[in-house]
Amino acid sequence: MELELRGITKRFPGVVANDDVNLTVRTGEVLALVGENGAGKSTLMNIMYGLYHADEGEIVVDGTPQTFASPGDAIAAGIGMVHQHFMLVPVFTVAENVVLGVEPTGFLGRIERDEAHRQVAEISAQYGLDLDPEALVETLPVGIQQRIEILKVLFRNAEIVVFDEPTAVLTPQEIEEFFNIVDALKAAGKGIVFITHKLKEALRIADRISVLRRGKTVGSADPKEINEVQLAEMMVGRPVQLVVEKEHAEPGPATLSVDDLHVVTPEGRSVLDHISFDVRAGEIVGVAGVQGNGQTELVEALTGLRDPVSGTVTIDGSDITTATPREVHDARIAHIPEDRQRSGLVGAFSVAENMVLTSYASEPFSSGFLMNWSKAREVAAELVEQYDVRTPSIDTPASNLSGGNQQKVIVARELSRELRAVIASQPTRGVDVGSIEYIHAQIVKARDEGVAVLVVSTELDEVMALADRVVVMYRGRIVANLRRDETDHSEVGLFMAGAKEQQPA
Amino acid sequence: MGLVSAPVDEPSDTPSSADAERPQRGGPPPTSVGPGEEAYLGTLGFLEESPENKRRARNIGIAYLVAAVVCLVVFARGDGGVSTFGISDDSSFSVAGIPLAWFTAVTLAALGGAQIMRGTGKWTAAAASVAAILFVFTFMAWAAAGQSFSLTGTLQDALKAATPLVLGALAGIMCERSGIINIAIEGLLLSGAFTSALVGSLTNIWIGIVAAMIASCLLALLLAWLAIRFSVDQVIAGFAINFFVLGLTSFLDSRVLTRNPDYNSVKTIGDIEVPILSDIPFIGPILFEQSFYVYTALALVGIIGWALFRTKWGLRTRAVGEHPQAAGTLGVNVIRRRYYNLAMAGAIAGFGGSWWTADVGRFNENITNGRGFIALAVVIVGRWNPFGALLAALLFGFADALALKFSFLGTGIPSEFLEMAPFLVTLVVVASFGRGARPPKALGQPYEQQ
């Protein structure tokens with residue numbers, strides 16, 4: 001089977017997401033589609049899968065133009081999709097998720113459960129997916145959930161399988177297993193489209209690479225003939241710095257100290273299990289871990305959003321364990337939250353208003369009762385200039401900015417004052433490469449000024465690039481505390497997967 | 001308000017292509033559930049006592065102690081009469097109120113003490129049930145002191161009073177399982193009651209019932225249209241329908257029905273005695289001397305309960321209510337499924353509304369009198385499960401029947417208080433059992449076909 005996209009154009013209000021895109025994929029090959037966030041990769045795949053409808057252009061299957069009015073049509077044409085955010089019903093079993101929409105039924109629409117289990121188990125065995133049809137999805141790890149998604153696609157006899165950012169939520173070891181599955185699919189004659197912004201992975205697995213930039217196909221490449229730097233340049237459109245440039249750290253005394261911190265949720269789940277570590281002045285500590293292993297709760301406990309059951313947090317010796325967020329801010333600790341739309345910005349507020357969101361109540365922005373807006377606007381304009389925030393004006397609502405520029409507003413607000421510590425959670429999630437470079441540089445700059453920096457990220461590459469010391473979290477515990485220059489990706493990966501634990505020295 | 005706001009799980013989060021990167025709040029992407037969530041339990045092997053749990057255990061204990069004090073202060077100070085509980089025409093048993101009150105008070109105090117000292121763990125629910133039954137029985141003995149009280153009759157009335165609640169709740173479940181909040185059960189019941197009375201008077205009750213089903217079905221489709229086509233807030237749309245139906249039926253009642261008594265007079269439907277089965281002592285009269293509404297409601301509980309968890313329709317309905325995007329990407333038509341379910345829910349509620357007409361033979365202004373809201377509480381307490389809803393409805397039906405009985409007995413409890421009782425029970429039950437209930441995840445969130 002051959003699937004061809006010809007001259008696809010898709011416009012959303014204000015943006016052209018896809019502009020005359022051409023793409024071909026055949027069975028038995030792996031095509032990687034790379035591009036930055038917002039380059040139009042997902043839009044293109046949603047068109048291919050019948051979720052969006054192209055304004056122009058056509059989808060051609062084996063020479064015949066097709067119209068996909070809904071995913072049902074795409075499925076019927078032999079196209080399957082594994083979405084970035086898994087499309088699984090958590091309270092259903094594996095088999096229920098797989099057969100949904102194509103249920104084997106008997107009298108009065110009764111689902112033939114045994115038949116469904118048998119079919120699911122059969123395909124699972126055929127591709128080595130090792131899935132239990134009766135397991136409840138919400139109890140399964142992410143890596144396994146992804147295999148359910150793959151099984152769903154195979155169950156519908158897909159010939160072309162589209163993976164949208166499949167490795168974003170996986171541990172390094174799970175990524176290896178995933179690549180093995182991709183190889184098995186390819187060997188079984190399936191065509192694979194692998195959407196990613198991780199260039200290493202594209203180079204590792206693809207037979208061909210197509211590059212998308214600002215909605216346009218800017219070219220294709222043979223992974224055997226191109227290296228990562230060249231590919232990055234194609235993707236971004238200018239030379240890029242892939243490694244964070246930084247001097248050797250010269251850490252001072254411990255600034256931020258966490259001692260025996262224990263946090264329990266209202267449901268009684270222990271999410272931080274007696275953890276201790278220090279962040280020293282002039283040092284970046286990176287917290288690595290698969291999403292959901294207590295990182296969010298750690299940041300909340302440090303920034304005053306969650307009270308621990310026991311343990312202490314101190315900054316330069318003064319206790320801030322039960323401090324409110326305002327007191328944490330006043331202790332000269334900056335917080336870059338993990339979800340900028342939810343807790344970093346007020347989307348409907350202007351850039352200027354967001355810039356003073358933490359300091360509006362104090363001099364010089366407030367005289368105790370009235371806001372001094374002219375001063376606030378003056379400072380905001382300076383910060384926009386200084387931190388390279390690309391915005392039409394400081395009066396533009398923050399929600400109108402791109403992800404990278406929204407993040408820069410937060411970075412500007414948080415880092416533009418005298419600080420003792422920075423707590424940055426997922427500082428570059430969903431941010432374009434150019435902004436990533438810039439934000440990383442700002443974080444390193446803060447370190448060089450003697451600030452204690454804690455960076456929490458589920459992107460292992462980010463932790464490894466920034467950190468002077470790496471702390472690995474697994475199931476609410478710190479399973480390793482390593483010097484960056486004495487460890488590597490694969491060792492940290494093992495700690496992240498819980499396969500290994502550092503013995504206390 | 002508590003029971004009204006309870007099903008509104010999360011503020012709806014309008015998905016937009018721009019923030020596809022952002023995990024949906026309260027939304028279902030399993031990635032945010034994380035690998036750890038369940039696994040933590042496995043690793044640590046036990047649940048730690050959180051401050052929340054401790055506080056809860058203590059609060060339950062205090063509730064027991066308060067109940068014990070009520071027993072002593074109120075029930076143990078009655079006039080000391082013996083109350084007689086009839087089981088059938090020729091058998092009954094008697095209970096002396098004061099010793100029973102003392103016994104209950106001591107038991108409750110002991111349970112309360114145990115709960116506060118160290119919690120009752122896995123026995124909490126069982127202990128609560130025993131305590132509740134004992135307390136209610138003591139209350140009955142006190143209120144009926146010196147008189148005789150038909151236990152069979154009360155339970156028969158309880159099942160009867162539970163019937164419209166069951167039907168209303170089934171309508172709610174059909175709706176909410178597919179992801180649309182149904183605050184409008186009250187309005188759907190009321191429109192069913194009115195339509196069946198009017199059409200039933202002009203023709204006969206059976207045609208009236210069909211007309212009621214059609215009328216409420218159309219109203220439910222209006223709710224669906226507002227919620228799906230225009231993404232109107234579903235709570236507000238539901239309330240609007242309630243007030244619209246209340247206003248319209250009151251207006252038509254005073255302008256049309258009151259002036260033309262012929263338009264508001266229906267031959268009621270009598271009870272059907274099931275041969276043989278109704279001769280079983282105690283159980284027989286309660287279960288098998290009832291109207292066809294009771295039998296139909298019980299059958300519907302079984303059918304919908306089976307269909308929801310065993311059939312293709314049920315699987316798709318639940319998928320659409322839990323994670324519509326997942327269903328949509330597999331080619332399930334989310335929007336059509338929601339319209340269908342709302343239409344069926346409307347028909348069931350319309351049938352439920354005709355219960356009043358078939359029972360009393362006429363329509364009165366606001367005849368449903370808030371039962372639709374209790375049905376909503378039944379949905380929550382029954383955890384969106386038809387069988388759970390049946391149990392919850394029986395509880396409320398019992399409170400209803402008891403209130404009715406006591407108003408006849410003339411116990412000195414003000415009738416206003418007795419009328420209030422079912423709602424009071426609703427509040428208490430929802431507050432204590434509603435908290436663990438997990439509504440369908442996508443409840444109230446508009447689905448955007450991309």
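Chain B is divided into domain 1 (50–146) and domain 2 (151–433), with bounds that come from an automatic or database domain assignment. The model is predicted: local features need pLDDT of at least 70 and side-chain atom pairs count only at pLDDT 80 or more, whereas totals for chains, interfaces and linings use all residues. Residues are numbered from 1 along each chain as its sequence is written, chains are lettered from A and ligands numbered from 1 in the order in which they are written, and side-chain values use heavy atoms, with hydrogens and water left out.

Taken over C-alpha atoms, the centres of the two domains of chain B are separated by 31 Å. Domain 1 contributes 12 residues and domain 2 contributes 10 residues to the contact, defined by heavy atoms within 4.5 Å. Between them, the domains bury about 820 Å², of which 78% lies on carbon and sulfur atoms; buried area is the accessible area (1.4 Å probe) that two parts lose on being put together, summed over both. Of the area that domain 1 buries against domain 2, 47% is supplied by B:Ile87, B:Met140 and B:Ala143, more than by any other three residues.

No salt bridges are found across this interface, the criterion being a side-chain nitrogen of Lys or Arg within 4 Å of a carboxyl oxygen of Asp or Glu. On the side of domain 1 that touches domain 2, strand E1 (82–88) and helix H6 (124–143) of chain B each supply at least two residues; helices (H or I, at least four residues) and strands (E, at least two) are DSSP runs, numbered from the N terminus. The largest share of that side, five residues, comes from H6(B).
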